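This report covers sheets, salt bridges and pockets. Keep the structure in view while reading.

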Amino acid sequence: MPWIARVAWLLVAVVGGSAVESAVDDRSSAVRWLVAVGGWLVFGVVALALLVPSVRSLTAIRVLGPLAAVAVIATAVGGASGTSIALLAAPALVATATFFTADVGRWMVQTSAYGDEERFPLRTPVAAGLAAVVIWAAWATTAVIGPLAIAAANWAVGVPLAVLAIAGVVLLTPRWHRMSKRWFVLVPAGVVVHDPLVLADTVMVRTAQVAGIALARAGTEAADLTGPASGYAIEVRTTETVTTVFAFTPQEPNGRAIHMTAFLVAPTRPGEALRMAADRRLPVG
């Protein structure tokens, strides 16, 4: 998947650039200049992130990469030919899809791991994921239309939208990055759940405290630390009570502490997480 993502993103510029050029060919020089600089800037940042994988790179490709799909819509509205739009759409959609795969997420976060630890990204809670998509779509609209309107001298539309786009970068980027920093981690000393979206504190369970790790069964009474997220979850059982605190919310500004002897997490690759746990001689099953 990482190489598919890299090749697809390269093709966005190599075979898809003509669609963007034809869409702005009859526009003012200011619009053409803005599209060229903005397009190459986004392409360059994502390309660099794919070459230098890290947690920050994961945030970059998942926030900026889908703008290629927005460019497909914009070129269609701008009157580009069907062939050129297709040449842009195909690699743009493939690249965007791969950016959100479990393989690419695991590759990115594992590259930033410390020492002998295995990080497994956690699936996004359904409600938080839907909210993130809606908010991103609103931000992307302002980020594209605002600068273009300013370049076209439509100040009444462009300036407010551009201000909103900049405010979105400042306010939303830390929140989007938080979604990239959600991991179930196998460390030499035991297991860790690092999830700033769901939890106020990191959950750390020593190897001696782990009674068992397995796929969660229907009807389990284990504490749900998934968000909740859809799909398969892993249940970690402990030999003694472990305390954790859920993230702060307006309804619970001090968080909510719970005491548990079993909890659920939802890694994007649960099978691989269980296999690696068994390799580390943790009680799996």
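## Terms and basis

Two strands count as paired if DSSP finds at least two bridges between them. Helices (H or I, at least four residues) and strands (E, at least two) are DSSP runs, numbered from the N terminus.

This is a predicted model, in which local features need pLDDT of at least 70, side-chain atom pairs count only at pLDDT 80 or more, and totals for chains, interfaces and linings use all residues. Residues are numbered from 1 along each chain as its sequence is written, and side-chain values use heavy atoms, with hydrogens and water left out.

## The mixed sheet

Strands β5, β7, β8 and β6, in that order, form an open sheet with mixed pairing. At its edges are β5 (210–215) and β6, each pairing on one side only.

Strand β6 (residues 223–224) runs parallel to strand β8 (residues 256–265), and two bridges join them. Ala223 sits opposite Phe263 in β8. Asp224 has Leu264 of β8 as its bridge partner. On the antiparallel side, nine bridges connect strand β7 (residues 234–246) with β8. There, Ile234 has Val265 of β8 as its bridge partner.

## The antiparallel sheet

A further open sheet holds four strands in the order β1-β2-β3-β4, with antiparallel pairing. Strands β1 and β4 are at the edges with a single partner strand each, so one side of each has no neighbour in the sheet. On average, neighbouring strands of this sheet are turned by 15 degrees against each other, direction ignored. For such angles, axes are lines fitted to C-alpha atoms (for helices over the stretch in contact), and angles run from 0 to 180 degrees between N-to-C directions.

Strands β2 and β3 run antiparallel and are joined by five bridges. Trp183 stands opposite His194 of β3. Strands of a sheet pair through backbone hydrogen bonds, either parallel or antiparallel.

## Salt bridges

How many salt bridges does the structure hold? There are seven (each a side-chain nitrogen of Lys or Arg within 4 Å of a carboxyl oxygen of Asp or Glu). One of them joins Arg280 and Asp116, at 3.0 Å from N to O. This pair links distant parts of the chain, 164 residues apart. Arg280 lies in the segment after α10 (270–279), and Asp116 in the loop between α7 (102–111) and β1 (118–121). Arg280 is partly exposed, with a relative accessible area of 23%. On this scale, buried means under 20% relative accessible area, exposed over 50%, and partly exposed in between (1.4 Å probe, protein chains only).

Arg119 and Glu117 meet at 2.7 Å, N to O. Arg119 is buried at 5% relative accessibility, and Glu117 is buried at 12%. Asp195 and Arg182 also form a salt bridge, with their closest N and O atoms 2.7 Å apart. Asp195 lies in the loop between β3 (190–194) and β4 (203–206), and Arg182 in the loop between α9 (155–180) and β2 (183–187). Both Asp195 and Arg182 are buried. Arg106, Glu118 and Glu272 are linked in a salt-bridge network.

## The largest pocket

Pockets are found on a 1 Å grid over the protein atoms alone: a pocket is an open set of points where a 1.4 Å probe fits, with protein on both sides within 12 Å along at least five of seven lines, and lining residues have an atom within 4 Å of a point. Grid points are joined across faces, edges and corners, and a volume is the space filled by probe spheres set on the points.

The largest pocket holds about 1600 Å³ of space. It is lined by 45 residues, with Leu34, Val35, Gly38, Gly39 and Val144 nearest its centre. Elements giving two or more residues to this lining include α1 (2–14), α3 (29–51) and α8 (126–151). The largest share, 12 residues, comes from α3. The lining divides into 36 nonpolar, six polar and three charged residues. Here Ala, Val, Leu, Ile, Met, Phe, Trp, Tyr, Cys and Pro count as nonpolar, Asp, Glu, Lys and Arg as charged, and the others, Gly among them, as polar.

## The second largest pocket

The second largest pocket holds about 670 Å³. Of its 22 lining residues, Arg62, Phe100, Thr124, Ala132 and Met179 are closest to the centre. Two or more residues each come from α4 (55–64), α7, α8 and α9. This lining divides into 12 nonpolar, seven polar and three charged residues.
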